[in-house]
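This report looks at aromatic rings and at the charges placed over them. The structure comes first, then the account.

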Amino acid sequence: MGLSLPEKMGIAATERRYQTLLERLEQREARVVVMGAGYVGLTLAVEAARIGFPVTCYEIDPAKVTAIRNGISGVPGISAEELKRLQKSKRLVCSNQPAALSAAEVIVICVATPLNGGREPDTSQIETAATCIRYYLKPGTLVILESTSYPGTTEELVKPILEASALKAEKDFWLAFSPERVDPGNPNYGLHNTPKVLAGIGEKSTALTQAFYSQTVEKTVTVSSPTAAEMVKLHENTFRNINIAFVNEMALLCDRLGLDIWEIIQAASSKPYGFMPFHPGPGPGGHCIPVDPHYLSWKARQHNFDCKFIELASSINDQMPNHVRTKTAEALKRANKSLNEAKILLLGAAYKRDIADTRESPIFRLISLFRESGAQVTYHDPLVAELRLADSTLMESVELTPETL
């Protein structure tokens, strides 16, 4: 039995919508809305506007919207001059009004995915974003999730929320996942020259997503499904977390053996194959490395699988602030002093150099540990003027002077 007339009309309408959006993407005319003006969202919004797309960056924080409108990005690589130029040309608009979604042809979700108190995924911001989109979703729209989350988020969480609008994915609208790969402060690799992994829930979703990102990046890498793309992101960051844990454990061992871990790493790095140097520290930070592996562990437990490497790596990295306190106490003891009432200056607050991002930075744990031992703690970071601690109090960066030292 052939298709009914309504079914044929539905297929034809889907094809028209698909072809229209594909053409507008290739001509860089499609109206883009990026949800979230953080490191990921603002970077994408600026790059898309820079090459000609009309872009709205939707951000619920009015203070951040005001800052961006005044040319203050807070994101390395995005200058005040460029922000002002793009906004003056109307290529880039920043708004905290959800109605900005009403005209969108492409919507990219770039919101945070932290962990809750039980170190399990907190996808509330993704759910809120998808619910907001649902009210403005219209036929012919492409929705892309970039926020890092557990494998299955796009199809198990986002898709049902959007389809509650009575529109159907891959028929009325298109849906895909493409993991962000923004590395703040990296002078060699930015959005444009970092390959973009992507996958849609169907052929048309994939093709449209590829058409969009191929305008903004040099290379796209298509995988079989959004779940596979989500797993790619977690695989990348779990790899780094495990290797950081390995070198941290080696640092602990070398300390026991009276060896210099930095000498060991430098010599090992002379091998031209089969070795990749990682470096020890007080613990990994940022919005990915300390967080993403827990998303994978959580998903694995739902399938009765125990991720031993992942859990062990996180355990080792969690020990590093305590190791710093122990080594500090030993150094003070050699000078006939103790941690109690010692004056300790922490140099650097961000989780990596040359940025102002303190998310998951080990400095918070260090401050807490030193204070528990009775020490007087201050910090200096030229890019981080103040820190809000767990008890909501503020610490201000002290000036680095000979007197302070």
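Buried means under 20% relative accessible area, exposed means over 50%, and partly exposed lies in between (1.4 Å probe, protein chains only). The model is predicted: local features need pLDDT of at least 70, side-chain atom pairs count only at pLDDT 80 or more, and totals for chains, interfaces and linings use all residues. Residues are numbered from 1 along each chain as its sequence is written, and side-chain values use heavy atoms, with hydrogens and water left out.

Rings of Phe, Tyr and Trp (its six-membered ring) pair if their centres lie within 6.5 Å; planes under 30 degrees apart count as stacked, over 60 as edge-to-face and the rest as tilted. The structure holds five aromatic pairs. Two are tabulated here.

| Pair | Centre to centre | Angle between planes | Class |
|---|---|---|---|
| Y18 and W174 | 6.3 Å | 55° | tilted |
| F239 and F278 | 6.0 Å | 70° | edge-to-face |

Y18 and W174 are both buried. The F239 and F278 pair links distant parts of the chain, 39 residues apart. F239 sits in helix α8 (residues 226-257), F278 in the loop between α9 (261-268) and α10 (292-302). Helices here are DSSP runs (H or I, at least four residues), numbered from the N terminus. F239 is partly exposed, at 40% relative accessible area. F278 is buried, at 15%.

Ring pairs also join F53, F212 and Y213 into a cluster. Y213 has a charge over its face: K196, 4.5 Å from the ring centre. R134 lies over the face of Y135, at 5.1 Å from the ring centre. The criterion is NZ of Lys or CZ of Arg within 6 Å of the ring centre and within 35 degrees of the ring normal.

Conventions
Helix = DSSP H or I, 4+ residues; strand = E, 2+ residues; numbered from the N terminus.
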